[in-house]
Amino acid sequence: MLGSNPARSDADAKLRGEAVFGADLASPGMLWAAVSRSPVAAGHIRSIDVASALKVEGVLDVLTAADVPDGRTGVIVNDIPFLAVEHVAYEGEPVAMVVADNRASAEAGAQAVGIDIEPTEPVSTPEQALAPGARLVHPDWNRFVVAGGVDIGRDGNVVAEVVHDPGDLDEAFAAADVVVEGTYRTPRQYQAHLEPKMALATYESGRYTIEVSHQYPFRLRDRVAQILGVAPSAVRVVGHHIGGGFGAKLDVSLEAFAALLARRFRRPVRMQHTALEERLVAPCRANAMVAVRSAVRRDGTILATDVEIVSDSGAYANNGPALSSIPMFVFGSIYRVGTARIRTRNVYTNTAPTGAYRGVNGPWLVFANERHMDAIADALGRDRRDFRLASLARDGDLMRNGQPLEEVSILREAFDRVDELVPWRDIVSRNQRQRDAAAPSSPPAEAGADVLRGAGQAAAIWLTNPMPGHATVKLNEDGTATVITSATENGSGAVATGLRQIAAATLGLAAEAVTITMPDTDATGYDAGSQGSRTTHVVGRAIADASAEVRSQVLDRASQMLEAVPEDLVIDAGVVTVAGVPAAGLTLGAVAQAATWSDGPITAGASYVTPTPPHDPACATGMLIKGWPTPTYHLHQAEVSVDVVTGRVTVDRYVVCQEVGRAIHPDAITGQIQGGVAQGLGFALSERVDLDHGRYVQRTFKAHGLPLAEDVPKVEMIVMEHADPAGPYGAKGAAEPPIVPVAAAVANAVSDAIGVPFDTLPITPEAVLEALEAEPNGEAVARAAREPVLNRDGEQERDTTGRAS
């Protein structure tokens, strides 16, 4: 059962088009509502004219800030108004709501609302936000309340600041033989889910019911309650099939609007984003700048690393203050870097608020870290793989937060496993032979090398999100089992496969005999939603514990019926038998019926929260995420071809070695790896989310440059299993990490191919051609400049990477 690939429980309904997604929902007598949004990125609201909107046939009412709850709310910082009051902070900010008896009228009414705004020059970039004398995005920022009253380093346009400074960097840099510096820039990334955000709300007997397709129903419940000023128990959230999310459906969107209107009109109210709205207000992955400076000895010892990070929160804080802690677990974690200073600032700009996208900040942090490792290796003339291996941390080494690394030696195994499949030196030698065939004094195109090849590696450590999960397992009177949980199936298969298999394995059932309910905050214990690869590990652990209790109850009841001690009983294929006496048995249905009519139904519930690992609570200021629980280890290797005539980058081969704890459903894991790599390739090579004076430039799927099937190679995968004692049957998180190292591995490969460092994403054909024009023979020049260096044993070594000669 475990380690096999039973069919997904939702496969048939989805393949036949019978699955009910949020976008399919309707209710008799429902109204439609739409949002009128700011057309500019920043400005003062002079007036709002609703007269034209009210004249649209079917429009029932128009609400502005004067008609809704005042004050501000938020996830960590209470900085978001229900509707814009006096000022707008980004294009697309809600200004008014229009309710009508049909969707077309609601949307026409929203377009007809006259919003007179005196534009203000927007604070468009983090650099502008941090410039001396910069205009404040929120002049009243110091009045915003922070959850728990904690100090997160807020100051003007700085939403949050995390600083780790041991105070000994100057001495380390003074002792350095080489100082290597790099600045790494990455853009926003749009989640590009197909199903738009929506909400269907009703109000009855003082309670709100909101039907949605959402990744985190309990957060939605709590946020709607916060916005409306009611108790969380006054809000019920019912989940449906989700048409993609990737982090975009973790917070509130239209739901509070629909709930307020349902109470006002005492009728169901339905809302749904248009395609343009999806893009205008999408909580994209944050754009960021990472500057890294390292003090290095010529033998390759890294004495110190100084990291300065600025990320763009957009107009409101959202999760930015928490995500600002993540650099503490990326830099100075898997590699020994001596001492380190890390400063992270998350800043306000007049742009759409950023948020969560698969891997949150990981792809751009690992991009910076791994590009910098290549830069150090290049500066020293070292083989890039050998340099990584020589710098790897050891089990028991401390991360920057004081947390001991567990099983980081798995990474060394990953390097070995990948090398067995695709020997690094064979790739390097092949690429070097091609380069040698070109005249070193000529630009590549003139030398006849129209296609240059390169290879790159990137390693990473990633967490399994620890937040709480709960499940109730009941044995039905027909011998099947039902799992009641608000864990959400976001497409990964964690619910549709993994959780069912865990319950089935514990209860002695086939996976097909286990049903898992859809989310309902009234009917289940708290669950922290589909995020951070937590579902199989955390909810799976709760299900395993609850199923074990159900199993115990079954054995106790069956022992009475079979006149045997529980220890002598086994459960297999839904039948309880006495060990060694297979003829003496009872079906689970018979046991469940007997229990129901004597002691009551067989049920059990369990909860699980991953404990916070040991750490130093005083390691940094402003830090909200204290530990890096249930870490997994990853190595990616990319081989690319670069056409020097067109600038096009083709990924020829891609290998992933990923540690998962235990592969409960191997096909689901490999599917997540393939999908994560596809998204990572888009981030690395083609996707554009550009901002022009605070406004998004790309506004369609086509314009975003999402990768097509022909752009994505079949990923070769090595799945390593190192069971986690706390996980259900040893499982750890698996779905989120595959995206994290991709951009780094590809950028390292492209840089290797053309000999020009790519420290800014995306690496588009235009960017490649610009790099080649600026430095047409940069590859040969860079190689010729290197000198022999000493290895860790003090011996002179010759570089064999093909990056230096």
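Modeller: Let's start with E407 and K732, which form a salt bridge with their closest N and O atoms 3.7 Å apart. This pair links distant parts of the chain, 325 residues apart: E407 is in the loop between α11 and α12 (409-421), while K732 is in the loop between β32 (716-720) and α19 (742-754). Bear in mind that this is a predicted model. As for cover, E407 comes out partly exposed at 36% relative accessibility, whereas K732 is buried, since its relative accessible area of 7% falls under the 20% cut-off.

Now for the other pairs. The whole count comes to 44 salt bridges. One of them joins R384 to D374, with the closest N and O atoms 3.4 Å apart. R384 belongs to helix α11 (residues 384-391) and D374 to helix α10 (residues 362-380), so this bridge ties together parts that are 10 residues apart in sequence. Here both partners, R384 and D374, are buried. They also belong to a network of salt bridges whose members include E370, R371, R388, R435, D752 and D759.

Then there's R688 with D690, where the closest N and O atoms are 3.2 Å apart. R688 is partly exposed at 30%, and D690 is partly exposed too, at 24% relative accessibility.

D165 sits in the loop between β11 (158-164) and α5 (169-174) and is partly exposed at 42%.

How values were computed. Residues numbered from 1 in each chain as written. Predicted model: local features only at pLDDT ≥ 70, side-chain atom pairs only at ≥ 80, totals over all residues. Heavy atoms only, no water. Helix = DSSP H or I, 4+ residues; strand = E, 2+ residues; numbered from the N terminus. Buried < 20%, exposed > 50% of the residue type's maximum accessible area, 1.4 Å probe, protein only. Salt bridge = Lys/Arg side-chain N within 4 Å of Asp/Glu carboxyl O.
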